[in-house]
Amino acid sequence: MDAATQAPANTGHPRRWAILSVLVISLLIVVLDNTVLNVAMRTIADPVHGLGATQSELEWSINSYTLVFAGLLFTAGILADRLGRRITLTVGLALFGIASLVSAYADTPDQLIWARALMGLGAAAVMPSTLSIIANVFDPQERPKAIGVWAGAVGLGVAIGPIVGGVLLEHFWWGSVFLINVPIVVAGVILVNALIPESRDPRPGRIDVVGVVLSIVGLTLLTYGVIEGGEAGFGEPESWGALLASVVVLAAFVLYERRVEFPSLDVRLFANRQFSASTAMIGLVFFAAMGAMFASAFYLQLVRGYGPLASGALFVPFALGQLVFAPRSAAMVKRYGPKAVSTAGLLLVAAGLAGWIFIGESTPIWVVGALFFIMGVGMANVMPPATEAIMAALPREKAGVGSAVSNTIRQVGGALGVAALGAVISSYYRSGVESSTTGLPAAVKHVADESISGAYGVAAQAGPAGPALIQHANDAFITAMHYSAIGSAVFAVLGAAVAFVWLPGKRPATAPAPSTAESLAEEQGVELVDV
């Protein structure tokens with residue numbers, strides 16, 4: 001065979017697939033833990049079997065993690081490029097394990113809240129490190145498939161978390177949902193240092209201190225504003241004030257990054273439409289999907305009466321869809337092009353979300369499973385190509401920054417979806433249930449009007465009037481869930497429009513597709529240098 005027609009030599013690491021398995025385990029710990037906690041909330045609130053945490057303390061045990069995680073994701077990606085990705089992953093896992101141990105044996109809600117914040121710090125170091133290591137140990141030709149496996153692991157963690165939590169809570173005390181992390185972390189640290197080679201940016205330049213600080217402040221304010229908006233309403237000064245301040249700080253970050261010699265983030269990347277479209281798609285699809293999953297958890301556990309384990313099992317089809325199709329997305333993109341694959345994926349997500357408009361109190365439960373599967377298949381054909389486009393926009397030595405951008409957009413998009421669509425559900429639920437709670441005392445009425453969980457609590461103490469209140473609450477919640485599903489589907493369709501308009505189509509087989517970095521360099525007249 002002529003040398004010119006031979007396939008180029010694979011430049012990936014010899015142990016790359018073993019390394020990927022270790023990275024998937026590291027990623028699963030972080031993703032799984034956040035979903036496990038959701039099923040333990042009721043037990044932690046119990047004064048006998050838990051910590052007797054109030055509703056506010058329960059919310060902050062989740063929010064403290066989210067706030068630190070989202071606020072430091074970008075900075076962790078920068079530090080991984082500078083200090084080394086293996087050491088950053090090792091430190092992140094160690095912090096996560098220590099914080100998990102402290103969380104498991106917390107004596108008060110405040111201790112749990114602070115331990116969860118430390119877990120967020122560890123997770124912020126783990127998440128971008130896994131993706132940036134993939135970019136460094138895999139050849140560009142194999143990287144899309146590896147990212148597909150990585151994306152499937154995210155879906156698996158989201159889906160099996162409630163199952164793991166349900167099993168643990170049925171057999172052990174509430175702290176077991178955190179303690180299970182410790183042996184996995186120990187094994188992960190050993191495997192990371194045994195298998196993964198160290199990699200870092202060989203020419204990091206001066207650290208962009210101002211840019212790092214602005215990114216931390218801006219992302220923290222944005223996340224805090226979203227959290228407060230979801231809990232107290234976006235009309236409250238604490239919420240819209242934080243959001244307005246975040247816009248100002250992040251705008252200052254962009255302006256500063258355009259002028260500094262060694263920027264933390266080269267904002268010129270957003271001039272490339274494939275990079276910008278990919279980040280927008282990730283944000284929109286997680287906005288839609290996480291908001292829908294927030295509503296479905298209440299529907300399954302309250303309206304349908306499923307326990308934590310059974311309701312968690314219904315998320316398995318979502319994970320199955322991602323596990324089967326995410327690793328195949330690279331071949332689909334090669335055959336049909338990123339425009340067709342991503343657009344079809346987002347339309348599948350929209351179809352899965354739109355199906356919830358027709359879900360009622362007695363809908364066959366297999367229909368719910370089928371909708372989750374459709375969503376999983378759709379996500380499997382959105383996340384890998386979008387993430388690959390973002391990672392390909394930067395050279396290998398800047399992989400931590402690319403990973404941080406992808407993960408930050410996903411985290412913020414998901415948080416916004418839960419807050420915004422949660423607000424839609426609260427508004428329509430309240431207007432639907434108020435007519436049936438008019439005869440209740442003011443304090444009790446406020447609890448029943450606030451959420452379906454509150455209505456169930458009031459009904460349990462209402463004697464013969466309880467079943468009627470539960471029925472009214474169920475009807476109001478299902479109507480609110482339908483409006484939320486409409487909103488979710490609209491955002492998924494918007495993502496499909498972004499993919500259809502701005503992503504490239506299939507290239508001729510005779511013309512190898514340039515990387516996003518090469519496209520950006522061509523647009524700006526920059527010469528790429530191999531390192």
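The legends below describe an overall view and two close-up views of a predicted model.

**View 1. Overall fold of the predicted protein model.** The secondary structure of the protein consists of 21 helices and 0 strands, and buried residues make up 52% of its 531 residues. Of the contacts in the protein with a separation of 6 or more, 82% are between residues 24 or more positions apart. The accessible surface comes to about 22300 Å², and 67% of this area belongs to carbon and sulfur atoms.

**View 2. The contact of helix 10 with helix 19.** The axes of helix 10 (residues 273–303) and helix 19 (residues 452–460) come within 11 Å and cross at roughly 15 degrees; because angles under 35 degrees count as roughly parallel, the two helices are described as roughly parallel to each other. Their crossing is left-handed. Helix 10 contributes Phe298, Leu302 and Val303 to the contact, while helix 19 contributes Ile452, Ser453 and Tyr456. By class, these residues comprise 5 nonpolar, 1 polar and no charged residues.

**View 3. The contact of helix 19 with helix 20.** The axes of helix 19 and helix 20 (residues 466–502) come within 9 Å and cross at roughly 170 degrees, and helix 19 and helix 20 are therefore roughly antiparallel to each other. On the side of helix 19 the contact is made by Ile452, Ala455, Tyr456, Val458 and Ala459, and on the side of helix 20 by Gly466, Leu469, Ile470, Ala473, Asn474 and Phe477. The residues of this contact divide into 9 nonpolar, 2 polar and no charged. Ile452 and Tyr456 of helix 19 take part both in this contact and in the contact with helix 10.

How values were computed. Residues numbered from 1 in each chain as written. Predicted model: local features only at pLDDT ≥ 70, side-chain atom pairs only at ≥ 80, totals over all residues. Heavy atoms only, no water. Helix = DSSP H or I, 4+ residues; strand = E, 2+ residues; numbered from the N terminus. Buried < 20%, exposed > 50% of the residue type's maximum accessible area, 1.4 Å probe, protein only. Contact = heavy atoms within 4.5 Å. Areas by Shrake-Rupley, 256 points an atom, 1.4 Å probe, with all protein chains shown as cover. Axes fitted to C-alpha atoms, helices over the stretch in contact; angles between N-to-C directions. Parallel < 35°, antiparallel > 145°, perpendicular 65-115°, else oblique. Left-handed = near helix turned anticlockwise from the far one by under 90°. Nonpolar A, V, L, I, M, F, W, Y, C, P; charged D, E, K, R; others polar.
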